[in-house]
Each structure stands twice: as C-alpha cells, then as structure tokens.
Amino acid sequence: MAIKREHWGSQIGFILAASGSAVGLGNIWKFPYVAGSNGGAAFVFIYIACIVLIGLPIILAEMVLGRKTQRNVVGAYRSLEKPTHSFIHYHRHFPNKEHPSQPYFPWFLAGGLGVISGFIILSFYSVVAGWTLAYIIEAASGTFTQFLDVDEAGAYFGEFVSKPVMPLLYHGLFMLASLGIVIKGIQNGIEKWNKILMPALFTILVLLLIRGLTLPGAQEGIAFFLKPDFSVVTWKTVLAALGQAFFTLSLGMGALITYGSYLSKKENIPHAAFMVVLFDTLVALVAGLAIFTAVFAMKLSPSAGPGLVFHTLPAVFNQMAGGYFFGILFFVLLFIAALTSSVSLLETIVAYFVDEKKWTRGKAVLLVGGIIFLTGIPASLSFGSLAGFKIALGKNYFDLLDHVVSNYFLPLGGLLIALFVGWSWGIKNAVAEIKNGNKNFPTANIWGFMIRYICPLAVAVILFAKFLGIDF
Ligand code: PHE
C-alpha cells in the first residue's frame, strides 16, 4: 500500500526551500572568489548569461520531472523510462508488441549518479560548513581583534583547519543540525525552517550590503564588480562561469527533482523556477558587492582565492567600524546559507532510501547522516594530517571530491536531465505537466528548444573541455 506523499504547505514554502537549496556556500564563499580571480565584472556578465540560458531551463526541467512523478531522483527516471528493450526482457514483458526501434537507455542510472553526487558533495560541504560555525564563535569571542593584517588572519585559519579534533567536532555539529531538520519531514522540518532561515538570511545580507556601500572607498569595489573589462575574458572564464552556474543552482543531482516531487498539481512551476533563479542570482551579486566594497575599502586584493572569506574578511572586519557586529553577522549568514543547502542534499539521498528501499525516514536520516559524517572525516583531515596525501590527479581527498563532482558529475547529471526531458520523456509531455498549474505557458516553445538543443550542447562543451584538460 502506498503511503500518501507529503506536500509543501504553500507555494512560498516551496520557493523558499528551493531557494534555500540554491543559495549556499556557492554564492557567498565561492562566487566572490571565483569572480575575483576571473576578472570581476566580465565574469559576472557571462555567469548571468549562463544562469539565464542554461540554468533556468534545466531548473524548470528538474522541477517538472519531480512533480510529474512524485518520486525521488532514481524513482523519477524509472517511472518514466521507456520499456526496457534488451531483446529478451522486452519480449518477456510485451510478448505481443513490436520491438521498439529506439535504443534503450538505462535512465535510472542517471538518478543513481545524482544520489552518489549528493553523498559526495555533502561529505565535503559539511566540513566547510563546520568552519562557518566555528567562525561565528571566533567572531563572537573577539578573535578577529588580534589580526593586524591578512597574513595573520590567514595563519590563524590555517592552524585551525589543520587541527584534527575541533574541525571534526564542528562538522559533526553541523551534520546534527541538518539531520534534526530533515528528520521532521517536509512541512514540519524543511519548509518550517526555510521559512525562518531564508528571511533571516535576506535581512543579514541587506545589512551587510549597507555597511559595505557606506565604507569610504567603496566605489572601487563597485567598479571592479560591475564595470566589465572584456579584454580579460578567455575561454577559461566562460568555463568557470558555466561550472559555477551549475553548482550554485543545485543543478544536476536531482535536489530540485526531489523538492519538486513534494509539489501538488496546482502550483505554478515556471513562476517558482524563475523566483529561485532570481533569488540565487541576487544573493550572489549582493554578497559579491558587500564583500568587494569592503575588500577594496581596506585596500586588499580581490583575487585571494578560496581563502577570501576566511583569510581576508576577518582582517577586514577588524579594521572597519562596527566590525565586531558585522563579523558575527557575516558568519551567521554563511552558516544559514550552508544549512539550508545541506538539508536539500540530505533530503535527496533520504528520499531515495524512503521511496525505493522503503526505509522509514528516521532510519534513512540517521544512517545516511552517520555515513556522511564518517566520509567527511578524511575531507576534514585533508587540511591537516592528510594534506600531503595525494589520492589521484595530484589531489588530496577533499580536492578530489570537489573536483570530480563539481566538474564532472553535476554537468553530466544536468546533461542527462536535459536529454531525458527533451528527447525521451518529451517536451510535449513536460509542457502538458507544466500547464497543470500554469494554463498558458507562453515560453513553452523557447523552453523546449533550449532543453533539447542549447542546454545539452553547452554542457557537453564544458565536459569535453574539462576532459581535454582545459582547466577551470
Ligand atoms: N547550491 C548550493 C550552493 O550554492 C550547493 C548545492 C549543490 C546544493 C548541489 C545542493 C545540490 O552552495
């Protein structure tokens, strides 16, 4: 007997939860440093083009696939798969039918890739998220006042992450917080918390932006971020922008298929997809502006790389008026962003075990969460005792996980989703499903064209470029 599937309590609850998934470390930690080290404004423009041309169509495809099937990522593919036609199977199932001429593709494997990607992302994402928790405490206890310059702040951070015990403790605490939300289910867990945390996130972001814009010397930061110099754009810039677009929108691993599966037929999917993309882009831009105005006002370098947020900003906070207060707020912001994203990663995996393996939610949450905590341990130690231990491609465990998933698995997952919706399930069926909550979907033709041709082609290009070793 099928158990009735839980649904979101409201459209806004869904939009906030999906925005919570999209807005994460990718927006506030990764976006500013990737933009900073890829030429600033020119990168930002290309990134926005990728979001609109590729991100928006695929997000819509994921949501509609989820709502149609009311299943987790593996179940979603499986339930719409064309009948198997390895010859023997086909005739056993459909003895009186002609053998189909289309080759059979085991689409459910694309769903499996999504579950595995979620697993891997969460095990290193939670380690970085744990640092944000630690830095809330550091900020509150006045540690930043010791930092006379960026080097001192950097050395402090380096020492913290290389220790074996404390970062693991924070990684564990962060996982516990995620488990506590997901175990409560959709309405009482994920939706309820996103409705509290996302407005808090927007409020903090606005406060930080106001602080950044009112610093003396902020104009230079604004110019760096908004005045494009296309002479610095290379092929690499375009690829970096495409990769970032995928990660930041939570695309390619079925998080939005899963969230979409808790939608009822009356919800307007194009509207929701548009709002999520809008929020995600706004948060990245505002976070970038808030950070660069502060960095330029303090005459520091914008291209500090991954350490920008943890090395450069604590030193910035120490020098600005109200820095104590804004320092705490900033790391609370990062923590909230990470938490609502990690909840979506965990839910994607949990939903798989609940739907397909018939586990109870409690069992799935505890087991999956426990295993992810364990697989995160070497990720955390990659900054300390395992730093020199290169597993493959000259990378340690942490870097290898991030590299493989962000650059290969997510784009591949996105490519498969576009191909599945565009060519296997079919645009006609998808549009019919979308029209359930949105009678006239005026951009149906454009959307279909993007999903069938433009998205797969663009993503195939990223993958191919990666494969040829053109580095991001
Ligand atoms: N979108 C999240 C971020 O920007 C990361 C994420 C990726 C979350 C994939 C879920 C799925 O940080």
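Predicted model: local features only at pLDDT ≥ 70, side-chain atom pairs only at ≥ 80, totals over all residues.
Good morning. The protein chain before you has 18 helices and 0 strands. With a radius of gyration of 22 Å, close to the 23 Å that the globule rule gives for 472 residues, the chain is as compact as a globular protein of that length.

Let me continue with overall dimensions. Taken along the principal axes, the C-alpha atoms fill a box of roughly 80 × 50 × 45 Å. Of the 472 residues, 59% count as buried.

I turn next to the contacts. Among those with a separation of 6 or more, 81% are made by residues 24 or more positions apart.

Finally, I would draw your attention to one residue, Thr-281. Where does Thr-281 have its place? Thr-281 belongs to helix H13, which covers residues 269-297. Is Thr-281 buried or exposed? Its relative accessibility is 11%, and because the cut-off for a buried residue is under 20%, Thr-281 counts as buried. Which residues is Thr-281 in contact with, leaving aside its neighbours within four places in sequence? The partners are Ile-48 and Ile-51.

To summarise, the chain has 18 helices and 0 strands, and Thr-281, in helix H13, is a buried residue in contact with Ile-48 and Ile-51. Thank you.

How values were computed:
Residues numbered from 1 in each chain as written. Heavy atoms only, no water. Helix = DSSP H or I, 4+ residues; strand = E, 2+ residues; numbered from the N terminus. Buried < 20%, exposed > 50% of the residue type's maximum accessible area, 1.4 Å probe, protein only. Contact = heavy atoms within 4.5 Å. Rg over C-alpha atoms; globule rule 2.2 N^0.38 Å.
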